[in-house]
Amino acid sequence: MKSLFSNYPTWLWGALALVLAPSAAWAQYPPPYNPYYPVQTYGPIGNQLMGQASVISATGGLYKDQEQARILRQQADQAKIETKKKSFDEMMYEKAMTPTFTEEMNKNQSMILRRIMTNATDVEIIKGEAQNIILPTLVRVAVRGAYGPPVPLDPEMLQHINVTGSVADGGTGVGMLKNGGANLTWPMSIVDTPTQKQLAAIIPTAVTEVKTGGQLKLDTYKKMNATMDKLYDEVKKMFHKEQIDGGQYLNTTRFLDSLKGSLKILSTPSAALYFNGDYSPKGSTVRELVDYMSDKGLRFGPCNPGFEAPYFALYNAMVAYASGHGEDPSGFVNLNAAKYPQKGGWKSVYR
Amino acid sequence: MNTMCRTSAVLACGYFVLCLHASALPVSAGEGEKEIARVNAVFGGLVKKDKSRWQAVKAGDTISAGTLLVALPKSEITTANGAIHLSMLADIGQRGPFPVLESAVVLNHAKDADLELTFDRGLIILTNHKKEGAAKVRLKIRGETWEVTLQEPRTSVGLEIFSRHSPGMPSSLDKKGSEDEVPSTDVLMLVLHGRALLDAGDHAVGLQAPPGLARVHWENGAKKFAVQRLEKLPEILIKPFDDKEAKAFKDICLCTKKLGAEEIASVIDDLLKSENKTDRLVGATWAGAVDDLPRLMSALADAKHADTREHAVIVLRNWLGRSPEQVRALYDSLIKEKKASPAQAKNVIHLLLGFTDEERGQPDTYQMLIHLLNHSALPVRELARWHLVRLAPTGRDIPFDAGAAAEERGRGVARWQALIPEGKLPPARKTPDKN
């Protein structure tokens, strides 16, 4: 037969027991005065012996308690050490699993590189930005002794690639002034205007000053800037009066922006380096070009208006080199084909 | 794109699939040799170009070979032998990938095919209406010839074609006698039901409705086909109309009910003058569809209605993309009819074609556009605004009505100048917080 209470769950009995059981305070201390609690006595001698025994017992208890406390302390210390070790392990784990700032940067850079190699925009290519992103990677792997396949570069094409010494220069290089600035192809909208003629006359003088004296004269610099600003204003007015269309206006301002960047370089201390051949891209293959640019600390500058095709050709060559055509065992990754595969090389687009 | 465009696009695209189940009227035998097809149904308007004159076509009319047909928003045609059912549709670009406003085809004689069709623009659905056996359609698209064999009865294939000039000023305008630049063309083919064979001479591919190789993309640059497997038809295409969409479709159809009774030019005039937005937008679309440039330009110069101008820009961009000659045709029209200077005409064309990547990265482009917001000609102001709000979305909320008075416009221009100072590019749009 089942107990009357057997239908109640065990936990209920446990809970009931907890409620009904005397509390810890009741067990540790004598109950308050209770008239019904019997008082035990052992006589005078008995009481004395009782007192001595109590002292001995108390002393023993003290030692015992002290020992227990020591053990407990040691256990606590051990626990602290364990805790500390665990948190240290956790910290190490966390650290190991969290990329550092440098690692994060590297990761971002590799993502940018991947995009540039597979899907650079036209603007990124003609501004030399795409090439400048690929270049350090090629240098870095070359330092480790890894090289891509020999990708030849057309020397004529390379002549149209602008390089610059540093970002501080504005990152443009001398661009269209490389050949002395005397035979510039001016945009149709400003060619033969008095201001254009004036500027066309000043530029070769400025280049000569830098080439021969290593520095631009202040007077030439001021005259050059003033004429440039005047030309900008004139182009703007021509557009506002609808003497030229929007396409011509934007082409002209793009030309003037490029020229302005080049002229700005003339006023820098490193200007002469652009004309003595140091700041010119050199190399018959991508590998040689990369080595040269790296040795000289050079970067690619934006293209001169109308000379976009050599930039696409160079970009294609750099991508081909970096991807190793998928056959190179050096560890290069095959990252898609070049942007504009050209049957006739760069000239087919350029001409 | 405005609401009307969106809804009508949605409608048109919805019909893309609904047409699958549309029934064709039987075509009686023994009809004249010249008759190659008959019109089953016209929703909205269907017009044909007959000796440079546009005429409305009604349900039941026959179609002779070599006639250019333009449908908006939907028409259904069956070949004389009853083998092929053709649906011509408009999709203004919301359900489908391209802003297709109307469809246009030329039906030709075909000796060894059930139908030969020159697909000029828009969206069509071809269905095998034979009781048994395959039906063959020869498609002529931008100088290419493809043969589509609809392998079994009820096999249905949808095709969409869209062309657009690349942005930037076309160099051909500066050089007389130089070849006009060819717009880039994309063709999408989707097998909606059954199996089909696409034979393009050097390429042939077997297709079937999802699941299977159902989608084909062709573009005229590489002239190559990209075939894609689909597990199911895109949800956006098979979604049925909601009430709003059905109403919009009905409204568009109502707009053009006068087409049969009146000259198309006067119908367009009435539509463009209407106080009803749908009327005006349909009017602008029709003007573009039937090459009525003066009326289309007048829609772009509608001082009262910004929505009409906005839509007219899209219609004009579509119109320019139709063929290489369109740019020069517009240029000549601007010079001769609008008495524009060459620079002014080129400006309008540049603004219609848009800006190259390089130009978009040039601060002068934005200054130029802001300057043009104050141009004396309303179409130029509208075009400048049209580009600014797209190239600099952070300024989308700047109130600017190209048709407003100079003083009011000036306030908008000042805000644009403040947003994009000289020498600067527009501020980047804030990306939404991931959280």
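This is a predicted model: local features need pLDDT of at least 70, side-chain atom pairs count only at pLDDT 80 or more; totals for chains, interfaces and linings use all residues.
Residues are numbered from 1 along each chain as its sequence is written, chains are lettered from A and ligands numbered from 1 in the order in which they are written, and side-chain values use heavy atoms, with hydrogens and water left out.

Chain A has a mean pLDDT of 72, and 65% of its residues reach 70 or more; pLDDT is the predictor's confidence in each residue, from 0 to 100. Residues 1-43 of chain A have pLDDT below 50, and this stretch has five contacts in the model beyond near neighbours in sequence. A contact means heavy atoms within 4.5 Å. Residues 325-351 of chain A also have pLDDT below 50, but that stretch has 62 contacts beyond near neighbours in sequence.

Chain A contains 13 helices and two strands. Helices (H or I, at least four residues) and strands (E, at least two) are DSSP runs, numbered from the N terminus. Of the 351 residues in chain A, 36% count as buried. Buried means under 20% relative accessible area, exposed over 50%, and partly exposed in between, with a 1.4 Å probe and protein chains only. Among contacts in chain A between residues at least 6 apart in sequence, 72% join residues at least 24 apart.

One residue to look up is A:Thr252, in helix H10 of chain A. A:Thr252 is buried, with a relative accessible area of 1%. Leaving aside neighbours within four places in sequence, A:Thr252 touches A:Pro187, A:Ser189, A:Ile190 and A:Val235.

Next comes the contact between the chains. Chain A gives 18 residues to it and chain B gives 20 residues. The two chains bury about 1,600 Å² between them, 53% of it on carbon and sulfur atoms. In chain A, the residues that lose the most area to chain B are A:Glu242, A:Leu250 and A:Arg254, together 36% of what that side buries. Buried area is the accessible area (1.4 Å probe) that two parts lose on being put together, summed over both.

There are three salt bridges between chain A and chain B. A salt bridge is a side-chain nitrogen of Lys or Arg within 4 Å of a carboxyl oxygen of Asp or Glu. One of them joins A:Asp245 to B:Lys346, with the closest N and O atoms 3.9 Å apart. On the side of chain A that touches chain B, helix H5 (122-126), helix H9 (218-240) and helix H10 (246-266) each give two or more residues. H10(A) supplies the largest share, seven residues.

The last topic is the backbone. Most residues other than glycine have a negative phi, and most peptide bonds are trans. A:Glu242 has a positive phi of about 60 degrees although it is not a glycine. A:Glu242 lies in the loop between H9 and H10 of chain A and is buried, with a relative accessible area of 16%. B:Asp291 also has a positive phi of about 60 degrees. B:Asp291 is in the loop between helix H5 (277-289) and helix H6 (293-300) of chain B and is partly exposed, at 32% relative accessible area. A cis peptide bond joins B:Leu72 and B:Pro73, with omega about -5 degrees.
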